[in-house]
Amino acid sequence: MAITNGYKQNENEKILNILNLTQLATEAKKIIPAGGFGYIASGSEDEFTLQANRKAFQHRQIVPRSLSNIEKPQTDTTIFGINLKMPIMMAPAAAQGLAHVKGEADTAKGVAKAGALMTESTYSSASIADVAAGGGGAPQFFQLYMSKDWDFNKSILDEAKKAGVKAIILTVDATIGGFREADIVNQFQFPLPMANLVKFSQGDGEGKGISEIYAAAAQKIGPKDVKRIIDYTDLPVIVKGIESPEDALYAIGAGAAGVYVSNHGGRQLNGGPASFDVLESVTKAVNHQVPVLFDSGVRRGSDVFKALALGADLVGIGRPAIYGLALGGADGVFSVFEHLNNELKIVMQLAGTKTVADIKRAKLLNIRKHTIT
Ligand code: FMN
């Protein structure tokens, strides 16, 4: 255990014996300090949307296909020309130093070992260079919170490009922080600096609450701002935080190379739908014009399967990977991705789908309509 600015940071490095990803939260709660755990685990207001994210996966069901004559399902996939061993990615998540002393550098190492895709937040504890080094050349995307300060936007986009990231994820659903009660109860302020904010005139985030951090980000974002980012960088830009067909089409109209369906893991707008419940309406509107990424509430291989079957091309996890990081460092993160992918392979076999392309052709039972679509 390292102590930094009075905050206890875990230093574990080990392979985890995982029963399921939900149970990891219980284990991680024992070792992450209360303020840090509250920030990671909680959602906004009374957490209606956070809970809906989990329940929604019950709304669609996988039809067993026992006579499909397949064995040894393969989970490898390609997105934006990048080959991955699994259709699963690390969602961009801030301040992973709260979970582990090596923060996102270790996350990147574990994700690379698993052959998944790493994404890094603007508000990461580790610097872009350290995260790139942690990944050892494996593919990474960089997530931008658009700042009011365009010099900052330009310089961080340049830095990400220089580090070799393959795409930019522009998050648009956090123009202010959701009302997160756990942070209020814990009087949570980030105890550790955020490496990429050092260039910000407002300081590096240390000693600030999430609302103060978000205050430096642009509150007023429309398609023109998305286009401005797209025009500046020659990397593909994926717009994250899309939950409606209308916004998906605005993003594509502005030149987005991808649409990322997410409600920020129930941390932003509370009272909104589960991300899974809106996924199909977005993939239908996008209609294969660009890849669709998806996250919020994914904990099971069957959840990954269902999201792919409704048209997602890549499926992200946030909290479970952070818990794996706390409990086992890079190998802990690796264990989380391996576990989820192994669950996915079992589901694939039982659903008669040998490849990710087969999953995308699979039909789910819609229990609300009693139809298979
Ligand atoms: N999303 C971003 O786009 N940028 C961030 O900096 C960011 N920070 C996060 C920090 C934490 C601790 C968590 C849990 C999520 C964060 N998110 C952020 C949202 C994740 O990218 C993702 O949408 C969410 O975690 C998915 O839900 P899940 O945790 O249920 O898997």
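Start with E104. Setting aside neighbours within four places in sequence, E104 is in contact with Q96, E120, S124, S125, A126, V131 and G134. In contact means that the C-beta atoms, placed from the backbone, lie within 7 Å.

A word on the source. This is a predicted model: local features need pLDDT of at least 70, side-chain atom pairs count only at pLDDT 80 or more, and totals for chains, interfaces and linings use all residues. Residues are numbered from 1 along each chain as its sequence is written.

Where does E104 sit? It is found in helix α4, residues 103-114. Helices (H or I, at least four residues) and strands (E, at least two) are DSSP runs, numbered from the N terminus. Is E104 buried or exposed? E104 counts as buried, because it has 34 C-beta neighbours inside 10 Å. The cut-offs: buried takes 20 or more other C-beta atoms within 10 Å of a residue's own, exposed takes 12 or fewer, and partly exposed lies in between, with C-beta atoms placed from the backbone. D130 is 26 residues from E104 in sequence, and 8.2 Å away in space, C-alpha to C-alpha.

Next, G97. It is in the loop between β6 and α4. G97 has 26 C-beta neighbours inside 10 Å, so it counts as buried too. Beyond four places in sequence, G97 is in contact with Q9, G103, S125 and L192.

Now the whole chain. It has 14 helices and 15 strands. The radius of gyration is 19 Å, close to the 21 Å that the globule rule gives for 373 residues, so the chain is as compact as a globular protein of that length. That radius is taken over C-alpha atoms, and the rule is 2.2 Å times the number of residues to the power 0.38. Of the 373 residues, 54% count as buried.

On to the sheet. Which order do its strands take? This open sheet of eight strands runs β6-β13-β12-β11-β10-β9-β8-β7, with parallel pairing. Two strands pair if DSSP finds at least two bridges between them. β6 (88-90) and β7 (118-120) stand at the edges with a single partner strand each, so one side of each has no neighbour in the sheet. The twist averages 30° from one strand to the next. Angles run from 0 to 180 degrees between N-to-C directions, and axes are lines fitted to C-alpha atoms, for helices over the stretch in contact.

Zoom in on one pair. Five bridges join β8 (140-145) to β9 (167-171). F141 stands opposite A167 in β9.

α11 (275-286) lies across β10 (237-242), β11 (258-261) and β12 (292-294), at about 160° to β11. In α9 (223-232), the buried residues are V226, I229 and I230. They cover an arc of only 100° around the axis, which puts them on the same side of α9. The arc is that of the directions from the helix axis to the C-beta atoms. These buried residues pack against β8, β9, β10 and α10 (245-253). The face turned away carries the exposed residues K224 and D231.

Last, the core. A nonpolar core is a set of buried Ala, Val, Leu, Ile, Met, Phe, Trp, Tyr and Cys residues joined through C-beta atoms within 7 Å. The largest one holds 117 residues, and V239, A256 and V259 touch the most other members. Its largest share, 15 residues, comes from helix α13 (319-350).

Note on methods:
Contact = placed C-beta atoms within 7 Å.
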